[in-house]
Amino acid sequence: MNLDYQSLLGWRDGARKLHIHLTEIPDTSAHQSYEHEHAAEEAFYLLKGEAEYTFGGKTVKAGPGEVVFMPSGVRHARIRYLTPSMRYLTIRTVEPEDEPCCCGQDRQLSGN
C-alpha cells in the first residue's frame with residue numbers, strides 16, 4: 001500500500017476526544033480501499049483529488065474543498081478513486097472501544 005499519514009492533532013497534543021491526520025495517496029491505482037466500521041464519527045476534507053465514497057446506502061462524489069461525513073457505526077470506505085492521487089484530512093472522534101486510528105497517533109498506546 002502506497003500512502004503516507006501525518007498526525008496533525010492527537011494524544012501527544014493533549015487531544016483526548018479528537019484526532020486529525022493528513023493522508024496522502026501518491027498513486028491511487030496502487031491503493032486498495034477497505035470497508036470497515038467503528039464507533040468514531042469521521043470526516044474527510046479533500047485537499048486534492050476526487051473520489052466516490054459508498055456507505056450507508058448512498059454514494060457521495062467529492063473533490064477539493066468538500067467534506068464527506070461518516071456517521072458512527074456505518075460501514076464505509078468503499079472508495080472509487082477518480083484521480084491518480086489524493087490528499088485529504090481525516091477528522092475523527094476518539095472512542096475507547098475502537099481500534100487505534102490507522103496512523104496510530106490518536107491515543108496513548110503502550111510504550112508511548
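**Sheets, core and pocket**

Student: Which residues does Tyr53 touch, leaving aside those up to four places away in sequence?

Tutor: The model is a predicted one, and contact here stands for heavy atoms within 4.5 Å. Once residues up to four places away in sequence are set aside, the contacts of Tyr53 are Phe44, Leu46, Lys58, Thr59, Val60, Ala62, Val68, Met70, Arg78, Ile79 and Met86.

Student: Which members of the largest nonpolar core touch the most other members?

Tutor: In soluble globular proteins, nonpolar side chains tend to be buried together. Here the largest nonpolar core has 14 residues, and those touching the most other members are Leu46, Tyr53, Val68 and Met86.

Student: Which strand supplies the largest share of this core?

Tutor: At least two core residues come from each of strand E3 (42–48), strand E4 (51–55), strand E6 (67–70), strand E7 (78–81) and strand E8 (86–93). The largest share amounts to three residues, and the strand that supplies it is E4.

Student: In the open sheet of three strands, which strands stand at the edges, and why is one side of each left without a neighbour?

Tutor: The strand order in this sheet is E5-E4-E7, with antiparallel pairing. Each edge strand has a single partner strand, so one of its sides is left without a neighbour in the sheet, and these edge strands are strand E5 (58–62) and E7.

Student: What is the order of strands in the open sheet of five strands, and which of them stand at the edges?

Tutor: With antiparallel pairing throughout the order given, this sheet runs E1-E2-E8-E3-E6. A strand with a single partner has one side left without a neighbour in the sheet, so the strands standing at the edges are E1 and E6.

Student: What is the average twist from one strand to the next in that sheet of five strands?

Tutor: The sheet in question is the open one with the order E1-E2-E8-E3-E6. From one strand to the next, its twist averages 20°.

Student: Which residue in E2 is the bridge partner of Ser7?

Tutor: E1 and E2 pair in the antiparallel sense over five bridges. In E2, the bridge partner of Ser7 is His21.

Student: How far apart are the C-alpha atoms of Leu3 and Pro26?

Tutor: Leu3 belongs to the segment before strand E1 (4–9). Apart from residues up to four places away in sequence, Leu3 touches Thr23, Glu24, Ile25, Pro26 and His31. Leu3 and Pro26 are 23 residues apart along the chain, and the separation of their C-alpha atoms is 6.6 Å.

Student: Is Thr28 buried or exposed?

Tutor: Thr28 has its place in the loop between E2 and E3, and the residues it touches, not counting those up to four places away in sequence, are Tyr81, Thr83, Pro84, Ser85 and Met86. A residue under 20% relative accessible area counts as buried. The relative accessibility of Thr28 is 8%, so Thr28 is buried.

Student: Which element gives the most to the lining of the largest pocket?

Tutor: About 320 Å³ of space lies in this pocket, and of its 24 lining residues, Tyr5, Tyr34, His36, Glu42 and Cys102 lie nearest its centre. Two or more lining residues come from each of strand E2 (18–25), E3, E7 and E8. The element that gives the most, with three residues, is E8.

Definitions and conventions:
Residues are numbered from 1 along each chain as its sequence is written. This is a predicted model: local features need pLDDT of at least 70, side-chain atom pairs count only at pLDDT 80 or more; totals for chains, interfaces and linings use all residues. Side-chain values use heavy atoms; hydrogens and water are left out. A nonpolar core is a set of buried Ala, Val, Leu, Ile, Met, Phe, Trp, Tyr and Cys residues joined through side-chain atoms within 4.5 Å. Buried means under 20% relative accessible area, exposed over 50%, partly exposed in between (1.4 Å probe, protein chains only). Helices (H or I, at least four residues) and strands (E, at least two) are DSSP runs, numbered from the N terminus. Two strands pair if DSSP finds at least two bridges between them. On a 1 Å grid over the protein atoms alone, a cavity is a set of points where a 1.4 Å probe fits but cannot get out, and a pocket is an open set with protein on both sides within 12 Å along at least five of seven lines; lining residues have an atom within 4 Å of a point. Grid points are joined across faces, edges and corners, and a volume is the space filled by probe spheres set on the points. Axes are lines fitted to C-alpha atoms, for helices over the stretch in contact, and angles run from 0 to 180 degrees between N-to-C directions.
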